[in-house]
Amino acid sequence: MIENDRCAFCSLPLGGGARAKGRDGTEGEARGEDAYCCYGCRLAARVAESRGADEGTSWILVRLGTAVFLSMNVMMMALILYSKDVFASAGGGGDLSSAFYSLLRFGSMLLAAPVLGILGIPILENALSEIRRRRVSTDLVFVVGVTAAFCYSVGATLRGDGVVYFETACMLLIVVTLGRWLEAASKHKTTRAVTALRRLLPDEVTVIRDGRLVVVVAAELVVADRVLVRAGESVPVDGVIEEHGGHFDERALTGESVAVAKVVGDQVFGGTTSLDGSVVVRASAVGVDAAMGRLVALVEKARNEKGRFERLSERLAAVFVPVVFVAAGVGAWLGYGRGGFESGLMTMLAVVLISCPCALGLSTPMAVWSAMGTAARNGVLFRNSEFLERLCRVETLLFDKTGTLTTGEGRVTEFSEGEAITRSEVDGCLAAAAGLALRSNHPVSRAVARYTAERGIEAAAVEEVTTVAGKGV
C-alpha cells in the first residue's frame, strides 16, 4: 500500500495530480500495489526484489543482460555496415558483398527488435503513466525517437536501400536504462540515510509504571513517563535524569566524539547512548517533538524540497517536451520541402534523438540526491537542498569546536614510560589496562584496547570488574 503518496522504492513524494499507478499502470493504491515516482525506481525495485528470490537468478537481470548482449552484437554488425563504403572504394563490391551486407541488416533488425521490447516497452509504460498523472516526461520524447529510428531502419532494411540505425536505438535504450537505475540508486541512498537516523531511536522502551518495569513500543511513550535506559541502550526521549548517571555518547546530535558525563538533574536527548550506567529519565519531549524527531523531520523536509536549480530544471523539463515535438515537426516540414520524405524524416529523427534524454532533468536532481545522501551518511545534515547549492560560493568555513572535526573514534597517540620503569613493568601496566578496557564499552576504553592490541600486548585476566557510572572502571 502507498503511504502519503510516496514512492515505494525511494520514499520521495510521487507528485502529480492523479493517484500514482502500480506496476500494470492501474491505480496502485486501489489495487494494493506499490507505486513508483519514475521508471528508474520501478526497475531498481524489481531488481532488488528478484535478488532476494530463492531461485537466485533474477529474471529482470536476465532480461537486462540479454538486452546488453544483443546490443553488443548489433554494434559489431554496425561496424561492418559502416565500413561498406570503404570496401567499395577499394574494389571490394559485388553481388556477394551486397548479399553479405543485406544479411547483416536483417541480422541487426532481428537482434534489435527484442531489445526494443525488453527496454523500450517499460519506458513507454512509464511515459504513459506520467501522462495519466498529468505530467509530461522526457521518456515520451525518448520513446518516440527510438521507435522512429527503429521503424525507419526496418523500412530501409526491407527496401534494401538507405542507412540503418539499429545500433543507435539499442545503445540509447541501454544508456538511458542504466542512467535511470543510477538515478534511483542515488535517491535510495538518501532514503537509507534518513532511515539510519530513525534507527538511533529504539523500537521498544522500558518504562516504570506503578513501580513495575513495563516494555512498550516507542510510539506509546508520553510526556512525564519514567524511562529506564540501561548501559549500551539508546535514549528514546528528551528528558531529565532522575536516578543514577553516567557517560553519554552524543555524537549523533553534536558531533563530539568524547563522551559527556551526566548526573541527576542533567538534560539528555533522544538518539544519544548511555555508555556505562543505567539511568531513569523523566520524559519531557517524545516522538517528533524530541530533538532526534525534529532532526529527522528537517532531513526529510530537505530531501523533499527542491533547490533553485532543481526547480529550474523541472520547469525547463515541463516545456522541453512540447518544444522538442514542435521543433521536430518544423524540421520534418523543412526537410520534406528540401529533399522529400526521407530527408524530412531524417531531420525529425535528428531533432528528437539528439534532444533526449534531457540531461538537465536527469543530472540536476541526481546530483542533489547523491550529495545529500552522502552528506547525511557522514553526519552532515542540510535543512534545505538550496543550502547545498550555495556551497559552491563558500570561500571560508569556520568551526566553533574542534570536537566536530574528529574521526568520531578516540585514539591513543602517546604512552609515557617513566625512566625508572622496566620493560616488563610497562608491559604489565598495559596488560592490566587492556584487561580493564576490554570489559568496558566506553570510547576511551575502546581506544586503549585498540592501542594495546596494536602493540601486541596480551590482555591480563582480571576479576570483579566494576564500572562506576560517570567515573570509570
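Predicted model: local features only at pLDDT ≥ 70, side-chain atom pairs only at ≥ 80, totals over all residues.
Local features need pLDDT of at least 70, side-chain atom pairs count only at pLDDT 80 or more, and totals for chains, interfaces and linings use all residues. Residues are numbered from 1 along each chain as its sequence is written, and side-chain values use heavy atoms, with hydrogens and water left out.

**Exercise 1.** Determine what span helix H14 (residues 423-437) should have, and state which of its residues are buried.

*Solution.* Helices are DSSP runs (H or I, at least four residues), numbered from the N terminus. The expected span is 1.5 Å times one less than the number of residues. H14 has 15 residues and should therefore span 21 Å; its end C-alpha atoms lie 21 Å apart, in agreement. Buried (under 20% relative accessible area, 1.4 Å probe, protein chains only) are Val-426, Leu-430, Ala-431, Ala-434, Gly-435 and Ala-437. Their cover includes helix H15 (443-454), where contact means heavy atoms within 4.5 Å.

**Exercise 2.** Describe how helix H6 (residues 138-159) and helix H11 (residues 341-355) cross.

*Solution.* The axes, lines fitted to C-alpha atoms over the stretch in contact, with angles from 0 to 180 degrees between N-to-C directions, come within 9 Å and cross at roughly 145 degrees. Residues making the contact include Val-141 and Tyr-152 of H6 and Leu-345 and Leu-349 of H11.

**Exercise 3.** Identify which residues touch the most other members of the largest nonpolar core.

*Solution.* Such a core joins buried Ala, Val, Leu, Ile, Met, Phe, Trp, Tyr and Cys residues through side-chain atoms within 4.5 Å. Of its 35 residues, these are Val-115, Leu-119, Phe-142, Val-146, Phe-166 and Leu-173. Among the helices supplying at least two residues each are H6 and H11.

Conventions: Buried < 20%, exposed > 50% of the residue type's maximum accessible area, 1.4 Å probe, protein only.
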